[in-house]
Each structure stands twice: as structure tokens, then as C-alpha cells.
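Hi there,

Here is the structure I said I'd pass on. Have a look first, then read my notes below.

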Amino acid sequence: MWLEYEEASAAGVTLVKHTKKFFDYRYAQSTLVPYRTVLLEDGKLMQETRILTVTFGIKIDDSLFRNPEAASVS
């Protein structure tokens with residue numbers, strides 16, 4: 001599987017083509033997970049991610065998802 005999209009460059013002059021490819025699918029708690037992901041920008045490797053472990057169902061405190069700027073505005 002892969003994902004392709006275009007985004008304006010930092011200068012905003014040209015479009016940059018991004019391609020994200022997913023490899024090495026394995027089952028983790030009955031869910032197929034890509035353990036290796038590659039991000040290409042205009043065909044050049046920009047980032048490679050490898051997952052070592054997958055754990056589902058971990059409790060996470062809701063405060064981790066709050067925007068700190070939203071509290072200062074109100």
C-alpha cells in the first residue's frame with residue numbers, strides 16, 4: 001500500500017510530491033500493522049520509520065490531548 005499527495009513547497013512556489021509506502025505487515029492483536037514506513041519527497045528518501053512493538057488498550061491521561069494555548073485564551 002502507499003499514499004500519494006502534493007503540497008506546496010516551503011517557498012510556496014512549486015508543488016512537492018509526497019509518497020508514503022508501508023511495508024512488513026504483521027499481526028498485532030488481530031490487527032495488521034505496517035512495521036516499516038518510508039516517506040519520499042519527489043522520489044528522495046526523507047524518512048524511514050520502523051516499529052519495534054505494538055500495544056493496544058493502554059490508558060492515557062486526557063490532559064495529554066489538551067491544547068496548552070487553548071487554556072490561556074479562555
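**Strands and hairpins**

Strand 3 and strand 4 (residues 44-50) run antiparallel and are joined by six bridges. Strands here are DSSP runs of E with at least two residues, numbered from the N terminus, and two strands pair if DSSP finds at least two bridges between them. Thr37 stands opposite Thr49 in strand 4. The two strands make a hairpin with two residues between them, and Asp42 in that turn has a positive phi of about 50°.

On to strand 2 (residues 15-28): 10 bridges join it to strand 3 (residues 31-41), and this pair also runs antiparallel. Phe22 has Thr37 as its bridge partner in strand 3. Their hairpin has two residues between the strands too, with Gln29 at a positive phi near 50°.

Before going on: this is a predicted model, so local features need pLDDT of at least 70 and side-chain atom pairs need 80 or more, while totals for chains, interfaces and linings use all residues. Residues are numbered from 1 along each chain as its sequence is written, and side-chain values use heavy atoms, leaving out hydrogens and water.

**Charges over rings**

Arg26 lies over the face of Tyr35, 4.3 Å from the ring centre. The charged end of Arg36 sits over the ring of Phe23, at 4.7 Å from its centre. To count, NZ of Lys or CZ of Arg must be within 6 Å of the ring centre and within 35 degrees of the ring normal.

**The start of the chain**

Met1 comes in the segment before strand 1 (2-8). Met1 is exposed, at 71% relative accessible area (exposed is over 50%, buried under 20%, partly exposed in between, with a 1.4 Å probe and protein chains only).

Cheers

Key
Helix = DSSP H or I, 4+ residues; strand = E, 2+ residues; numbered from the N terminus.
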